[in-house]
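Please follow this explanation with the sequence and the structure side by side, moving from helix packing to the sheets and then to the ligand.

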Amino acid sequence: PLPEPVGDSAPPVDEHPSNIAATLENLRQSADSRITHPRRFRAQQLRGLEKMLDEHLQEFLEALEEDLGKGPTEAKFSEVDVVRAEIDYAQRHLAEWMDSDSVKVPLALQPAMAKVEPRPLGVVLIIGPWNYPLQLMLAPLVAAIAAGNAAVLKPSEIAPATSGSLAKFLPLYLDRRVYAVIEGGVDTATTLLAERWDHIFFTGGEKVAKVVAMAAAKHLTPVTLELGGKSPAVVDNHLPATAKRLAYAKFMNVGQTCVAPDYVLCIGDSKPLIDRLAQAITSFYGKDPLTHQDLGRIISRRHFDRLLAMLEQGEVVHGGEYDEQSLRIAPTIMRNVDLEGTLMQEEIFGPILPVIEVANFEEALEFIAARPTPLAAYLMSESPRLQSIFSDRVRAGSIVHNAPLAQMIVPSLPFGGVGASGMGSYHGKHGFDRLSQNRAELSKTTVVDTLSAIYPPYSWAKRKI
Ligand code: NAD
């Protein structure tokens, strides 16, 4: 195999378990002293995070370019701006989120006061993947900070430049007593997972998610699992915007996006759609996409080989070119694909879009229902009737009509999966709630004993029954 043509950054060295243990002990002690709880502290840390992104924007963009070949424009809006929007939203709503809610007490308990108060969970472990290595570390961190928690970040070793930048800059802007970045690969993740946490927030694949869930079970630690899957796009019309939006969502980050449309189910003849998709690809990435500055590269040789094998599992009708040296694959459309091959059995996670013809809408719904629950399901249709049936019948983390990926940047929408695509969701208040405990508090006076009627002996009750 050819060497991995990655940037200058070497993979991070796994931290020695004893160093990890010492870091965690200090962090736990500081967290136990509740320094993360006051609103002022949380607001300060959010400002720190904002400042870090402002002052080191260039370094982060360069790291993303080095890790994934992401151009600065795409990296800025799909990584940095998403985190900035999360910070901004949390800053504006923090006071309101932290407020407790008074609730009514039954007549028999009155007088008494009852309330629900969101409380920090403690120390959160955040483990992230390589495909959006900045966003998927920092967006969960925003939720952890807003909810008043301490946090340890374990970025992906497969995006070493971004991992290194986080380890370098984060401690300069956040309180080091309660926030740490621990770099490393599987060994480091394994050491971390053996520890006791108050929540584990994992973004990645299904296989590792099971390892995380088993480790969490040993301490009964709650988990959020942000996974992937094969997100379908059902196409009912052939409008020019349909093809452009699909191509945009699919080929951003070279298809290495958890909510990218994985495959298309086209109702009826797919020829007009395929033509428009091909036009959209050429208008985005030119006639020679392999050299286009806005098309990134595949993260590793392993993934590159995995994708090349998929190109064999059907008819390539557009694209299909690749470059082994730079690990680039051109945006590709396929049809007549083998439904039993890896292309249609595994998450593609690359720039290959299979288009499958179905006779009618019902067949599309059945196709989706027969497969594991995806993270997102897209319908490209102007028909309110089809939209309503789609929303009702399809099970997915999110349902989007006509704007794939747009759900990601609406902070008030929960972002997360269901079934095979994960558990728990975040973004905006959903992240705050996910990393808080909704604590019940009841308070009553003993000066007048209004409960005396219910104490044993229960002779009073027997009389009534
Ligand atoms: P991965 O599951 O291989 O790795 C994720 C993290 O787990 C990394 O930090 C890695 O170091 C760690 N890890 C790997 N092996 C481990 C082990 N045996 N024990 C403990 N930790 C281990 O995922 P990936 O390849 O980095 O990312 C791609 C996957 O992530 C895709 O399935 C994609 O759909 C999913 N994803 C989901 C979302 C989402 O928000 N739902 C976002 C991006 C990616």
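In this predicted model, helix 2 passes helix 4 in a left-handed crossing. Helix 2, residues 39-55, and helix 4, residues 72-98, pack with their axes 10 Å apart and at an angle of about 165°; since angles over 145 degrees count as roughly antiparallel, the two helices are therefore roughly antiparallel to each other. From helix 2 the contact takes in Arg39, Arg42, Ala43, Leu46, Leu49, Glu50 and Leu53, and these meet Val80, Val83, Arg84, Ile87, Ala90, Gln91, Leu94, Ala95 and Met98 in helix 4. Sorted by class, the contact of helix 2 with helix 4 has eleven nonpolar residues, one polar residue and four charged residues.

Helix 4 also packs with helix 3, residues 57-68, at an angle of about 105° and with the axes 10 Å apart, which makes helix 3 roughly perpendicular to helix 4. Here helix 3 contributes Leu57, Phe60, Leu61, Leu64 and Glu65, while helix 4 contributes Pro72, Ala75, Lys76, Glu79 and Val80. By class, the contact of helix 3 with helix 4 has seven nonpolar and three charged residues, with no polar residue. Val80 of helix 4 is named in the contact with helix 2 and again in the contact with helix 3.

Another helix pair is formed by helix 9, residues 240-251, and helix 10, residues 271-285, whose axes lie 8 Å apart and whose packing angle is about 55°; that angle makes helix 9 oblique to helix 10. Helix 9 passes helix 10 in a right-handed crossing, and the contact is made by Pro240, Ala243, Lys244, Leu246, Ala247 and Phe251 on the side of helix 9 and by Leu273, Arg276, Leu277, Ala280, Ile281 and Phe284 on the side of helix 10. The residues of this contact of helix 9 with helix 10 divide into ten nonpolar and two charged, with no polar residue.

We turn now to the sheets. Strands of a sheet pair through backbone hydrogen bonds, either parallel or antiparallel. Six strands form an open sheet of mixed pairing, in the order 5-4-3-6-7-18. Strand 5, residues 179-181, and strand 18, residues 422-423, stand at the edges of this sheet with a single partner strand each, so one side of each is left without a neighbour in the sheet. Strand 5 runs parallel to strand 4, residues 150-154, and three bridges join the two; within this pair, valine 152 stands opposite alanine 180 in strand 5. Helix 1, residues 17-32, packs on the sheet and touches strand 3, residues 123-127, as well as strand 4 and strand 5, its direction making about 155° with that of strand 4. Helix 7 packs on the sheet as well, touching strand 3 and strand 4, and the direction of helix 7 makes about 155° with that of strand 4.

Seven strands form an open sheet in the order 10-13-14-9-8-15-16, again with mixed pairing. Its edge strands are strand 10, residues 315-318, and strand 16, residues 398-401, each of which pairs on one side only, and the twist averages 25° from one strand to the next. Within this order, strand 9, residues 261-267, and strand 14, residues 352-358, run parallel and are joined by four bridges, with valine 264 standing opposite valine 355 in strand 14.

Antiparallel pairing is found where strand 1, residues 101-103, is joined by three bridges to strand 2, residues 113-120; serine 102 stands opposite lysine 115 in strand 2. Strand 2 is also joined by eight bridges to strand 20, residues 436-443, and these two strands run antiparallel, with valine 116 opposite alanine 440 in strand 20.

Which residues are the closest to the ligand? Of the 30 residues that surround the ligand, the closest are Pro129, Ala189, Gly204, Gly228 and Cys258. Helix 7, residues 186-194, and helix 8, residues 206-218, each supply at least two residues of the shell, and the largest share, four residues, comes from helix 7. By class, the residues of the shell divide into 15 nonpolar, eleven polar and four charged.

Definitions and conventions: Residues numbered from 1 in each chain as written. Predicted model: local features only at pLDDT ≥ 70, side-chain atom pairs only at ≥ 80, totals over all residues. Near = placed C-beta within 6 Å. Nonpolar A, V, L, I, M, F, W, Y, C, P; charged D, E, K, R; others polar. Axes fitted to C-alpha atoms, helices over the stretch in contact; angles between N-to-C directions. Parallel < 35°, antiparallel > 145°, perpendicular 65-115°, else oblique. Left-handed = near helix turned anticlockwise from the far one by under 90°. Contact = placed C-beta atoms within 7 Å. Pairing = 2+ DSSP bridges.
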